[in-house]
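Here is a short briefing to read alongside the model on your screen. Please keep the viewer open and follow the residues as they come up.

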Amino acid sequence: MFSPFRLLLASLAIVCLPAQANWYLDNESSRLSFITSKNGDVSEVHRFLVLHGKVDRKGAAELEVEMESVSSGIPLRDERMRKDLFAVQTFPEATIRARLDLRPINDLANGAQLELRLPLNVTLHGKTHSYNAQLLATRLDERRFQVVTMEPLILRAEHFDLAPGLETLRKAAGLKSINLSVPVGAVLIFTAR
């Protein structure tokens, strides 16, 4: 038998689901990229192909980057970065952690955006460094939202003990220099489940 009250309860449950659900990263639609500069005037964009992420009901956010998935478009360079720079045998992943207040994000209408200034911790190569990130959150629909960096994070090689690995790469490639500061940008899509 049709009951308006039951229909109202069912509708409320569907609308409230994303606010109570965990949010999981859609790896296929997400992108984490970084820019390297060498010899003073040559810059190139690289990315990581495999990311895992989650935002739980309390707003604890974690993004895991599989360092093995680094992709520069040149297989030999990728292999050197895996071995000599990132030491993936010892440090197979990097993590980014933050805490979000989900209420303003969950309250967004579809298509609406919210700027966030958010402290986060990056753990890479066994070292952790804190940053203040400028992010833009966009509610795409009832079950998806997007987070993008409005400004790239600038990671310094010495904060993560990566300078010796960069020097090894510089020598192997016969370069005059490799910049120790690396801008990192992200476009992350999360889906409620």
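Where does Ser-29 lie? Ser-29 sits in the loop between β1 and β2, where helices (H or I, at least four residues) and strands (E, at least two) are DSSP runs numbered from the N terminus. This is a predicted model, in which local features need pLDDT of at least 70 and side-chain atom pairs count only at pLDDT 80 or more, while totals for chains, interfaces and linings use all residues. Residues are numbered from 1 along each chain as its sequence is written, and side-chain values use heavy atoms, with hydrogens and water left out.

**Around Ser-29**

- Ser-29 is partly exposed, with a relative accessible area of 42%; buried means under 20%, exposed over 50%, and partly exposed in between (1.4 Å probe, protein chains only).
- Ser-29 touches Val-187 and Ile-189, leaving aside residues up to four places away in sequence; a contact means heavy atoms within 4.5 Å.
- From C-alpha to C-alpha, Ser-29 and Phe-190 are 9.1 Å apart in space, although 161 residues apart in sequence.
- The side chains of Ser-29 and Asp-26 are joined by a polar contact of 3.0 Å. Such a contact is a pair of N or O atoms within 3.5 Å; within protein, one must be able to donate a hydrogen and the other to accept it, and residues adjacent in sequence count only if both atoms are side-chain atoms.

- Strand β9 (residues 127–141) and strand β10 (residues 144–149) pair in the antiparallel sense over six bridges; two strands pair if DSSP finds at least two bridges between them.
- A hairpin of two residues joins β9 to β10, and Leu-136 stands opposite Val-148 in β10.
- On to β12 (residues 181–192): β10 pairs with this strand in the antiparallel sense over five bridges, and Val-147 has Leu-188 in β12 as its bridge partner.

**The nonpolar core**

- The largest nonpolar core has 48 residues, and those with the most contacts inside it include Phe-48, Met-67, Phe-86 and Phe-190. Such a core is a set of buried Ala, Val, Leu, Ile, Met, Phe, Trp, Tyr and Cys residues joined through side-chain atoms within 4.5 Å.
- β12 gives the most to this core, with six residues.
- Among the residues that Met-67 touches are Phe-48, Arg-82, Phe-86 and Leu-124, not counting residues up to four places away in sequence.

**Aromatic pairs**

- The whole structure holds four aromatic pairs; rings of Phe, Tyr and Trp (its six-membered ring) pair if their centres lie within 6.5 Å, with planes under 30 degrees apart counted as stacked, over 60 as edge-to-face and the rest as tilted.
- Trp-23 and Phe-145 have ring centres 4.6 Å apart and planes at 70°, so this pair is edge-to-face.
- Because Trp-23 lies in strand β1 and Phe-145 in strand β10, the pair ties together parts that are 122 residues apart in sequence.
- Phe-48 and Phe-86 form a tilted pair, 5.9 Å centre to centre with 55° between the planes, and both are buried.
- Trp-23, Phe-145 and Phe-190 form one aromatic cluster.

**Helix α2**

- Buried residues in α2 are Arg-77, Asp-78, Met-81, Arg-82 and Leu-85.
- These residues cover an arc of only 140° around the axis, so they are on the same side of α2; the arc is that of the directions from the helix axis to the C-beta atoms.
- The face turned away from the buried side of α2 carries the exposed residues Pro-75, Leu-76 and Lys-83.
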